[in-house]
Amino acid sequence: MTHDARPPVLKVTDLGVSYGDSEAVLRLDFEIRRGEFVAILGPSGCGKSSMLNVLSGLNAPSRGRVFVEGAELFRPGSTAPRLGYVFQSHRLLPWRTVRQNLEIALAASSVPKDSWDRRIDEILSILHISQFKESWPMRLSGGQRQRVSIARALLVDPAYILMDEPLSTLDEVTARALREELTSICQRTEATVVFVTHSIREAVFLADRVLILTRGPARIHEDYTIPLDRPRDYDDPRIAEIEADIVRRVQEPWGLVRQKERHLA
Amino acid sequence: MPDINSSISLPMPRSRDWTPVLTSPWFSAVIAIGSILVLWFVMAQAFRPWVPDIDATLTEMWSNLQSADFWADFALTLWRVLSAFASASLLGAALGLLIGLNARAEAFCQPLLALALAVPDPVYIIFAILGLGTGELAGFVALTIAVLPFVANIVRSNVQARDMSLDEMAQIYHLPRGVRMSAVLIPQIVPALLTAMRFSFALSWKLVVVVEAIGQPNGIGASIFNSFRLLRMREVAATAILFILAMQLLERGVLGRVEKKLLRWRD
């Protein structure tokens, strides 16, 4: 099946976000299809968070339109998008056990109550954290908490999942293990994922496509398709080659050329 | 001449390590209570008969415990303490939540709260007695009004200092308003609520004794005041000590257990 044959889950046209006179995001146009894993890559402060706030339904855009499964968001009478969100920090409720944290997300979803237990057991098993079902989040390691956060996002039958640099606070060994699991889980559950990162290698390893943003105000510099099959190996030399290629391509839009020239001068 | 460098190492007698005993909280408590008893003894010798002897006071405490009048006064005072504590805690927490969550409510209530916090507690008691007479209602109203601003202020500041990222999570996952309140907001301010409750309870029982001494014919406060008028200092001390011990037991026992249960996720 080609990418184009799949229906778009998320469609963004002419999206702009501004705060007063200051523009954070300029005229973004992109589509994300069902089951796609799309990484959004941009330098710090380029407007990724502003974009995520719109895609998560928290803030309305200053201009442009956002469609989720064909329905336009932010129109009078429109409902908020049904999505999962994996934050940079886990944002679990520390006074609720892992099971209770998952139940609270399910309570707001359309998932029937009689299937909650089965679904929770399934998702915890997929993420290898079944033994922590009745644990308090404070008893878990950073990686385990982030697994619970991923479980919460997957559990609510989301149209798409937003992940905002979810592995950036973990040590490299844990992050590497989670990256590998994340790709297999997303393939298995056919989840549609928008993964924000500033790590080029992470984007190349995880994504089907990488949307490369410019420095702020963010525009799409390039829609880069990763020419690698799955499963992938993080140490595959081809990943390093693609990473180097993307680094070359972002020199100009991220202002790295000018920085280098200034440094040499 | 003996060679002092070629000394023979003899096994030293092992002295017992007292560090764990000396640093234990029980040891500190025993020292504190012992110091109070010594001070009491010295004061009793110096200011007889205004400071009663320890043994006479203990005898009086024992006879109080066997007296039906004491238990009737105790029950009445306890009821007054608990009702004032409950109403001040509930109203104060509700007001604190409202002010903490709503900017308009804060703009309206903040000056009133600041004023209420600045008024000395006896002023409320005097005005309540002047306005409502010496009945039960005057004491109840005075106590509630005196304690409520403290509770409201503690809750308000903690509501405003809550973790906003959890609010954002709740919004993204579309948690219903009731769930946001019960599962996200309230648990965040539980430590503050418990602090407010401890404070409210401590203030309530002290003020109840004052209210009873000033304007009630019965209760522990009235009993202490009557003994004082008759210069029966042994009775004053015995009744006061028993009541203080009971209130401490309630505060540490009941509130302590509630605190342990509600904050067990921190252990």
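Mentor: Two strands pair if DSSP finds at least two bridges between them. Strands (E, at least two residues) and helices (H or I, at least four) are DSSP runs numbered from the N terminus. This is a predicted model, in which local features need pLDDT of at least 70 and side-chain atom pairs count only at pLDDT 80 or more, while totals for chains, interfaces and linings use all residues. Residues are numbered from 1 along each chain as its sequence is written, and chains are lettered from A and ligands numbered from 1 in the order in which they are written.

Start with β3 of chain A, residues 37-41, which runs parallel to β8 of chain A, residues 193-197, and is joined to β8 by five bridges. Within this pair, A:I40 has A:V196 of β8 as its bridge partner. Both strands belong to an open sheet of six strands in chain A, ordered β6-β7-β8-β3-β9-β10, with mixed pairing. At its edges are β6 (83-86) and β10 (220-225) of chain A, each pairing on one side only. From one strand to the next, the twist averages 15°, an angle taken between N-to-C directions on a scale from 0 to 180 degrees, with axes fitted to C-alpha atoms.

Chain A also has an open sheet of four strands, in the order β2-β1-β4-β5, where the pairing is antiparallel. Its edge strands, β2 (22-33) and β5 (71-72) of chain A, have a single partner strand each, so one side of each has no neighbour in the sheet. Inside the order, β1 (residues 8-19) and β4 (residues 63-68) of chain A run antiparallel and share five bridges. One position to look at is A:T13, which stands opposite A:R65 in β4 of chain A.

The contact involves 17 residues of chain A and 16 residues of chain B, where two residues are in contact if their C-beta atoms, placed from the backbone, lie within 7 Å. On the chain B side, α8 (164-172) and α9 (177-215) of chain B are the elements that give two or more residues. Of the elements there, α8 of chain B gives the most, with six residues. That side of chain B has 11 nonpolar, three polar and two charged residues, counting Ala, Val, Leu, Ile, Met, Phe, Trp, Tyr, Cys and Pro as nonpolar, Asp, Glu, Lys and Arg as charged, and the others, Gly among them, as polar.
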